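Dear colleague,

Please find below the structure for your review. My notes on its pockets and aromatic pairs follow it.

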Amino acid sequence: MKKLLFALLLHSPLFAGAQAANWKVDRDHSSVSFSVTHLVISEVEGNFKNFEGELRAAKPDFSDAVINFSVDVFSISTGNDPRDNHLKSNDFLNAEKYPKMIFKSTAFTRITEGKYLLEGDLTIRDVTRNVKFNVTYGGTAKDADGKLRAGFKANTYINRFDYNLKWDKMTEGGGMVVDKMVNIELKLEFIRQ
C-alpha cells in the first residue's frame, strides 16, 4: 500500500514541476566568440560557426542545470583565411586530429539574481581542464510559435598554453605576437524541448 501511495504521489501534479526539462541551443540566435591580444597593442576577434549545446534542469531558476556543449573546430572564423588555416593547424588547435572542443558542466551555482557561476571540464586538443564561466541569465520568453526560450551570456579567460596551443613568436620589443590569454564569450539562446 505504501508503494502504491508513493507512486501516486510521485506522478501527481504537485511533483510535475520537479521533472527535468531539456533545452537545446538555437544556433540562429546564439554565438561562440573569442578574442586575443595581438602584438601587445590590439585585439583580434573570431568565432565558431558550428556548435551544439544542451541544458537539462528541473528547477525554474536553472540552479541545478547540467550543460553539455561542443564546438566544431573546423568552423573557426576570424575573417582571414590564412590566419584561420594557421589556427586549425598543429601550431594551435590541430583540427584534423581534434575536430571538437567539448565542455561538460560540473556545477551551475546561483550567485545572485540573474548571476551564476558555471564550472566544468573543457577539453581542447587532448587536454581537459576545469574552467569557470561568469554567467548572466537574461530570462525566459515565449516565441511566436509558443516555444519557451531562455537566454544566457557566459564569459571566461583561458591560458591557451594550458591546452598545448603553444605557438609563441615574439615581437622585436619582447612581447608576444599572440597573447597566451584568450577571452571566450558565449551568447546562447536555448529552446525548451
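In this predicted model, the largest pocket has a volume of about 800 Å³. Its lining comprises 41 residues, and those closest to the centre are Phe34, Phe48, Met101, Val182 and Ile184. Strand β11 (residues 178-192) contributes six residues, the largest share of this lining. By class, the lining of the largest pocket consists of 34 nonpolar, four polar and three charged residues.

The second largest pocket has a volume of about 160 Å³. Thirteen residues line this pocket, with Trp23, Lys59, Pro60, Phe62 and Arg192 nearest its centre. At least two lining residues come from each of β1 (21-25) and β9 (127-142). Eight residues of the lining of the second largest pocket are nonpolar, three are polar and two are charged.

Turning to the aromatic residues, the structure contains eleven aromatic pairs. In one of them, the ring centres of Phe62 and Phe152 lie 5.4 Å apart with their planes at 85 degrees; the pair is therefore edge-to-face, as the angle is over 60 degrees. Phe62 sits in the loop between β4 (51-57) and β5 (66-72), whereas Phe152 belongs to strand β10 (residues 148-159); the pair thus joins distant parts of the chain, 90 residues apart. Phe62 counts as buried because its relative accessibility is 3%, under the 20% limit. Phe152, at 9% relative accessibility, is likewise buried. Ring pairs also connect Phe62 and Phe152 with Trp23, Phe108, Tyr116, Tyr137 and Phe190 in a cluster. Two members of this cluster, Trp23 and Phe62, are among the residues nearest the centre of the second largest pocket.

With kind regards

Terms used:
Residues are numbered from 1 along each chain as its sequence is written. This is a predicted model: local features need pLDDT of at least 70, side-chain atom pairs count only at pLDDT 80 or more; totals for chains, interfaces and linings use all residues. Side-chain values use heavy atoms; hydrogens and water are left out. On a 1 Å grid over the protein atoms alone, a cavity is a set of points where a 1.4 Å probe fits but cannot get out, and a pocket is an open set with protein on both sides within 12 Å along at least five of seven lines; lining residues have an atom within 4 Å of a point. Grid points are joined across faces, edges and corners, and a volume is the space filled by probe spheres set on the points. Helices (H or I, at least four residues) and strands (E, at least two) are DSSP runs, numbered from the N terminus. Ala, Val, Leu, Ile, Met, Phe, Trp, Tyr, Cys and Pro count as nonpolar, Asp, Glu, Lys and Arg as charged, and the others, Gly among them, as polar. Rings of Phe, Tyr and Trp (its six-membered ring) pair if their centres lie within 6.5 Å; planes under 30 degrees apart count as stacked, over 60 as edge-to-face and the rest as tilted. Buried means under 20% relative accessible area, exposed over 50%, partly exposed in between (1.4 Å probe, protein chains only).
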